[in-house]
Amino acid sequence: MPTPQAAETHDLRNVETPVLVLDQHRMDANIRRMRDQLARLGVAFRPHVKTSKSIDVVRRTIGAPTGPITVSTLKEAEYFAGFGFTDILYAVGITPNKLQHVFDLRARGVALKVILDNVEMAEALAAAATQRNASLDVMIEIDCDGHRSGVQPGSDELLYIAQRLAAAKLTLKGVITHAGSSYSCTSTAEIAAMSRQERDAAVACAQQLRQHGHGCPEVSVGSTPTAYFADDLAGVTEVRAGVFVFGDLVMSGLGVVQPQDIAVSVLTSVVGHQKEKGWTIVDAGWMAMSRDRGTSRQRVDQGYGVVCTLEGEILEDLVMVDANQEHGVIAHRSGDPKKAPALPVGTLLRILPNHACATCAQHDRYHVVNGRGVQVNDVWPRLQGW
Ligand SMILES: Cc1ncc(COP(=O)(O)O)c(C=O)c1O
């Protein structure tokens, strides 16, 4: 199949839209900022690679050919194992139908760790490991903020799970938590408080396990907002941040990044207009942007994305107000047709996403540019699916 967006085009003005654009200059700055922050806090980094799903991005993130990573699918674990990564944490609760895959990866030398938050799954793991006479590294997920899954801090469930694992000679590696509630904070002070809450819950659970004779060497926390606003991570051994690498409008609405730090955008072409309505129609709809409307719950709703020039300069108050599968509708935030700028058919624009992970997931490659340049320096593939 021909690949019209291939590197040979060399220039964003020659590619067939829509495509995903990655500004390497901005990405490198985002990586530097997070690494500096974690170095200041004296804590190890286990980046979550679910945002980029790209070997080229992850190698730049860790500044080495391989290193500890967090994955959100076993497909990511397979992909990175293929590039020599061995220290991999699969940070979604394990299910029985994935166990064979997990044991296969471990048999190939990947020190894959799995997580769980209930006795049922601990028993299933114990049975599977005993049956195969195999070992497994396990972390217990803690619910630090009521956001999603995890054992409640202080509950007996934590000790019951640890006992089941110990009886089957499975290795309890530690505890893991993710303060997903940080995405709904309304001030940076609230994010800082959430960061302390995330740390305190994980450290307290690790201490509870140790007091009862269970080894619990690792205390893993992390989200991008709580990592950036952490002031002290005493007792924590590693941070798993992910979306920081690109940034997005949700992070910008939280005050975690500036809009001009956002490293990914979707390149799109103007298809036509509805002048009386002040609409400009483009060829990037929700297939290219995703349906994520994360900023709709924030103080400033950015629709399906903020509109920029081809070179990445934000066009003030111009947003994608609606999206069909392959059509996006661009209009002035006020809805006033007189304020809509003239954008002739064929004009190339770039749209900043609400949620980088979701938008990138719609695409199979990055067109890599630098700063305001339109030169495509590279095309980096990315993983999709499970
Ligand atoms: C378990 C877990 N750890 C870490 C992260 C990284 O969070 P962020 O993308 O905010 O850095 C996520 C994100 O969803 C997650 O689910």
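1. Let's start with a term: a salt bridge is a side-chain nitrogen of Lys or Arg within 4 Å of a carboxyl oxygen of Asp or Glu. By that rule, the structure holds 17 salt bridges. One of them joins the side chains of Glu238 and Arg46, with N to O at 2.9 Å. This pair ties together distant parts of the chain, 192 residues apart: Glu238 sits in strand β9 (residues 238-239), and Arg46 is in the loop between β2 and α2. The names come from DSSP runs, numbered from the N terminus: helices are H or I with at least four residues, strands are E with at least two.

2. A quick word on what you are looking at. This is a predicted model, in which local features need pLDDT of at least 70 and side-chain atom pairs count only at pLDDT 80 or more, while totals for chains, interfaces and linings use all residues. Residues are numbered from 1 along each chain as its sequence is written, and side-chain values use heavy atoms, with hydrogens and water left out.

3. Next, the domains. The domain assignment gives domain 1 (24-246) and domain 2 (259-381); such bounds come from an automatic or database assignment. Their C-alpha centres are 33 Å apart.

4. How do the two domains meet? In domain 1, 17 residues are in contact with 17 residues of domain 2, where contact means heavy atoms within 4.5 Å. Together the domains bury about 1400 Å², with 54% of it on carbon and sulfur atoms. (Buried area is the accessible area, with a 1.4 Å probe, that two parts lose on being put together, summed over both.) Look for Gln24, Arg26 and Phe246: they supply 46% of the area that domain 1 buries against domain 2, more than any other three residues.

5. What about specific links across that boundary? The count of salt bridges between domain 1 and domain 2 is 0, but 8 residue pairs are in polar contact, both at pLDDT 80 or more. A polar contact is a pair of N or O atoms within 3.5 Å; within protein, one must be able to donate a hydrogen and the other to accept it, and residues adjacent in sequence count only if both atoms are side-chain atoms. On the side of domain 1 that touches domain 2, α1 (24-41) and α2 (55-62) each supply at least two residues. The largest share, 5 residues, comes from α1.

6. Now the sheet. Its 8 strands form an open sheet with parallel pairing, in the order β2-β9-β8-β7-β6-β5-β4-β3. At the edges are β2 (44-45) and β3 (69-71), each pairing on one side only. Two strands count as paired if DSSP finds at least two bridges between them. Inside the sheet, 4 bridges join β4 (residues 87-90) to β5 (residues 111-116), and Tyr90 has Val114 in β5 as its bridge partner.

7. Elsewhere you'll find antiparallel pairing. Strands β12 (residues 306-309) and β13 (residues 314-323) pair this way over 2 bridges, with Val306 partnered by Val319 in β13. They form a hairpin with 4 residues between them, and Gly312 in the turn has a positive phi of about 95°. β13 also pairs with β14 (residues 328-332), antiparallel over 5 bridges.

8. Two backbone details to check. The peptide bond from Thr17 to Pro18 is cis, with omega near 5°, and Pro18 lies in the segment before β1 (19-23). Lys169 is not a glycine, yet has a positive phi of about 60°; find Lys169 in the loop between α6 (157-167) and β7 (171-177).
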